[in-house]
Amino acid sequence: MATPRVTVWHEYRHEKTHKEVSDVYPEGMHTPIAKYLREQGLDVKTATLDEPEHGLTEAVLAETDVLTWWGHMAHHEVQDEIVERVQKRVLDGMGLIVLHSGHYSKIFRKLMGTSGNLKWREANEKERIWVIDSGHPIAEGLGEYIELPHEEMYGERFDIPTPDELVFVSWFEGGEVFRSGCCWTRGRGKVFYFRPGHETFPTYFNPEVLKVIYNAARWAAPHAIEPIPIVNAKVPLETIRS
Ligand code: ZN
């Protein structure tokens with residue numbers, strides 16, 4: 001397979017208004033993700049909300065095999081036309097990796113058809129992300145779990161369709177659990193939701209978290225991206241004798 005072309009999309013707003021976030025991610029949360037994926041040999045671009053067409057023009061999407069998505073405070077500012085454009089590309093085969101608060105993004109809710117609601121708490125607590133499908137390509141190279149000393153808690157019930165494959169389940173210090181690594185297909189495209197990544201913690205500098213995003217990009221990369229044709233098969237392959 002050709003080298004996957006990844007576009008790392010980031011809302012890029014918290015860093016401009018919240019010092020506690022820019023202190024952790026001075027170049028934006030997308031930068032360490034893009035840098036790591038590039039170091040692994042992927043072909044990586046970045047795109048952000050405030051660029052024209054949110055950086056997701058037809059031309060950019062036409063050269064994107066896998067899109068990663070982090071948004072939080074400005075989900076409502078993402079234009080519906082761009083959401084439809086991304087959805088179409090996913091249905092045609094583009095992979096989509098939705099990160100953390102992207103569970104409330106327009107694109108994730110549109111693809112899932114559910115609210116994306118969940119339970120949450122900001123208490124700087126420990127998260128242990130258990131690998132429950134160690135044979136899955138997204139879990140390649142990981143141990144039994146990934147431990148993050150400080151994260152936001154997301155708890156069940158997470159309002160999503162039952163995942164086709166569940167790779168990770170998180171446990172939090174306060175007692176909740178959460179389906180934190182979920183796979184689906186939509187049309188020809190693969191979708192992966194990965195939970196960690198609250199903006200005030202250095203989660204996207206964690207080598208195991210970055211490895212999961214890399215593995216997911218490899219997993220979600222399609223062989224080809226093209227619409228599923230609509231065919232009137234008037235002439236059958238075999239003679240129909242009935
Ligand atoms: Zn958060």
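**Notes on the aromatic pairs and the zinc site**

1. Start with the cluster: ring pairs join Phe108, Tyr154, Phe158, Phe178, Trp184 and Tyr193. Rings of Phe, Tyr and Trp (its six-membered ring) pair here if their centres lie within 6.5 Å, with planes under 30 degrees apart called stacked, over 60 edge-to-face and the rest tilted. Across the structure there are 12 aromatic pairs.

2. Before going on, some bookkeeping. This is a predicted model, where local features need pLDDT of at least 70 and side-chain atom pairs count only at pLDDT 80 or more, while totals for chains, interfaces and linings use all residues. Residues are numbered from 1 along each chain as its sequence is written, and side-chain values use heavy atoms, leaving out hydrogens and water.

3. Have a look at Tyr25 and Tyr204. Their ring centres are 6.5 Å apart and the planes stand at 50°, so this pair is tilted. It links distant parts of the chain: Tyr25 is in the loop between α2 (19-24) and α3 (30-39), and Tyr204 in the loop between β9 (189-194) and α7 (207-220), 179 residues apart. (Helices, H or I with at least four residues, and strands, E with at least two, are DSSP runs numbered from the N terminus.) Tyr25 is buried at 0% relative accessibility, and Tyr204 is buried with a relative accessible area of 0%. Buried means under 20% relative accessible area, exposed over 50% and partly exposed in between, using a 1.4 Å probe and protein chains only.

4. Phe108 belongs to helix α6 (residues 106-112) and Tyr193 to strand β9, so the pair ties together parts 85 residues apart in sequence. Phe108 is buried at 1%, and Tyr193 is buried at 0%.

5. Two arginines are worth a click. Arg195 has its charged end over the ring of Tyr154, 4.9 Å from the centre; Arg128 does likewise over Tyr145, at 5.4 Å. The criterion is NZ of Lys or CZ of Arg within 6 Å of the ring centre and within 35 degrees of the ring normal.

6. Now the metal. The zinc ion has His100 (NE2), Glu152 (OE) and His198 (ND1) as protein donors, 2.0 to 2.1 Å away, with sequence spacing H-x51-E-x45-H. Glu152 sits in strand β6 (residues 145-155) and His198 in the loop between β9 and α7, 46 residues apart. Both Glu152 and His198 are buried. Donors are N, O and S atoms within 2.8 Å of the metal (3.2 Å for Na, K and Ca); water is not among the atoms, so sites may look incomplete.
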